[in-house]
Amino acid sequence: MKSHHDHHQTHHHHGPVAHQPAPGADDAYQRAYAAAQPDPGRRVIPIELDAREIDWEFVPGNKTRAWGYNGQIPGPVLEGQIGDVLEIRFTNRLPQPTNIHWHGLRVPAAMDGTEMVQRSVAPGETFVYRFRLPDAGTFWYHPHSNETVQLEMGLYGALIVRGPNEPQLDAERVFVLDDVRLDKQGQIAAFGSIVEHHDGREGDTRLVNGRAEPVLEIAAGQVERWRFINASSARYIRLSIGGKPFKLLGTDGGLLEAPVTMNEILVATADRVDIAVGPFGAGEELAIEALQYKRRIIRERKTERFATLRVGAPRPSAARIPERLRRIEPLAPANASPNRTVKLGITLSLRRMVDFVINRERHHQDKPVKAGELQVWDVVNTTLMDHPFHLHGFFFQVLSVNGEPPAWRSWEDVVNVPPRARVRIAWLPDDRPGSWMYHCHILEHHASGMMGHFDVVS
Ligand SMILES: [Cu+2]
């Protein structure tokens, strides 16, 4: 552990400097590092991670030059329990600077992995992220530097945290969904068309855990826990499991209060869902697909398949899904008055026809937030297309969408904001001072400027 720390220090001030650290970031980093201690009975989990160029077969038999964590797409599933500490020694072997954002995790600002809180990790450098896991749920990790390219090239992975009272199902699987745009040679297509700038980049090769449209198998009679992560740049996935009912157990910030039965669910870009599927009958074959969802872009998609599920011979089930999963205290009533409005918009641009903005400003500088003061924000979409709003480092509850309360209470870090909609959210900043941000998680919109910066102050 100590050697990792020293290693970080020896490298921190050397090598090509892409971004200077924000003032005080080094002190904040040292404090966050030292403060990351496991709970009694829990442990420090050391993880070696690198990012490098690889030849990856998204499509069997076709090698694509891509980027991966530890030589694979997605990167390894990182796992821990509440109260564990992850100590990730990350080495950048890419030809460009990068960093790692721990999407959804309530870490100190200095460990958030953005260019606001750290200088990006230069090629050849090593940087150590160290933080405690405070919440159970389905999270993920990805770069927060040149994201439109780095995520499309394959840099992303799942991070699963378990709590003491998890439902016991027959099996658990993690599915990281993505799409990649390949050219005629089977290589990742050139970036930066005007359509891509507007719609966000969508690809025609749909991936489940880095493979195009795989065939999956499940035994008849089994009820499994499936965690889905939408790691695509821009695609909205209206998820269907062969049209069969499934139970929603959890979302971004962990379990719901009670399972909800449904036939489909919208998984916006960067969103996660945790569902119980099955039991199915032997011999059935189901399409795991994204039903058509019009998010009001130039190139809409039809219903498209991500994978095929084949049901094999039966096996006895021991799955038990409790009627109550946990209690979620409401943060505020649905009609609470907002103390801030965040307007997602577009402005005309000489360069790109339109820019994507917050409160009419690219990379909006927003007012600070005081720790302990309840935040009720109206996130207003002034455009005619959907935007997935993501808040870093804190969970929120959705109070209402166009004045209507949601069907269930949950903790989220991503919420879809439909065209012309007003989504009211509530969140309580705990005392993790520093530089934070929110943004549209369509990566091209984020890059264009649809993001806001704010400080949490003690
Ligand atoms: Cu957007």
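Let's start with a pair: K370 sits opposite V457 of β31. Here strands are DSSP runs (E, at least two residues), helices are too (H or I, at least four), and both are numbered from the N terminus. Two strands count as paired if DSSP finds at least two bridges between them. This is a predicted model, so local features need pLDDT of at least 70 and side-chain atom pairs count only at pLDDT 80 or more, while totals for chains, interfaces and linings use all residues. Residues are numbered from 1 along each chain as its sequence is written, and side-chain values use heavy atoms, with hydrogens and water left out.

K370 belongs to β24 (residues 369-370), which runs parallel to β31 and is joined to it by two bridges. Strand β23 (residues 364-365) also runs parallel to β31, again with two bridges, and H364 has G452 as its bridge partner there. Strand β30 (residues 434-440) runs antiparallel to β31 and is joined to it by six bridges.

How much of β31 is buried? Five of the seven residues in this strand (451-457) are, so the rest of the structure largely encloses it. Buried means under 20% relative accessible area, exposed means over 50%, and partly exposed is in between (1.4 Å probe, protein chains only).

## The copper site

Which atoms hold the copper ion? The ion is coordinated by ND1 of H387, SG of C440 and ND1 of H445, at 2.0 to 2.1 Å. Along the chain, these donors follow the spacing H-x52-C-x4-H. Donors are N, O and S atoms within 2.8 Å of the metal (3.2 Å for Na, K and Ca), and water is not among the atoms, so sites may look incomplete.

## A four-strand open sheet

Elsewhere, four strands make up an open sheet with mixed pairing, in the order β2-β1-β4-β6. From one strand to the next, the twist averages 25°; axes are lines fitted to C-alpha atoms (for helices, over the stretch in contact), and angles run from 0 to 180 degrees between N-to-C directions.

Strand β1 (residues 44-59) runs antiparallel to β2, and seven bridges join the two. Within that pairing, I54 has A66 of β2 as its bridge partner.

## The nonpolar cores

The largest nonpolar core has 56 residues, and W102, L105, Y129, F131 and L159 have the most contacts inside it. Elements that each supply at least two of its residues include α2 (25-35), β1, β4 (85-92), β8 (157-162) and β9 (171-180). β1 gives the most to this core, with seven residues. A second, separate core has 34 residues, including V354, V423, I425 and Y438. A nonpolar core is a set of buried Ala, Val, Leu, Ile, Met, Phe, Trp, Tyr and Cys residues joined through side-chain atoms within 4.5 Å.

Y129 is a handy way into the big picture here. Among the residues Y129 touches are L86, I88, F90, W102, M111 and Q118, leaving aside residues up to four places away in sequence; contact means heavy atoms within 4.5 Å.

Q118 is in the loop between β5 (101-103) and β6. Is Q118 buried or exposed? At 3% relative accessibility, Q118 counts as buried. Its side chain makes a polar contact with that of Y129 at 2.7 Å. A polar contact is a pair of N or O atoms within 3.5 Å; within protein, one must be able to donate a hydrogen and the other to accept it, and residues adjacent in sequence count only if both atoms are side-chain atoms.

H142 lies in β7 (residues 137-142) and counts as buried, at 0% relative accessibility. Beyond four places in sequence, H142 touches residues including Y69, H101, H103, E147 and H441.

I321, in the loop between β20 (304-312) and β21 (340-349), is partly exposed, with a relative accessible area of 28%. I321 and K247 are 74 residues apart in sequence, with 9.4 Å between their C-alpha atoms. Not counting residues up to four places away, I321 touches L169, V223, K247, L249, P259 and A276.
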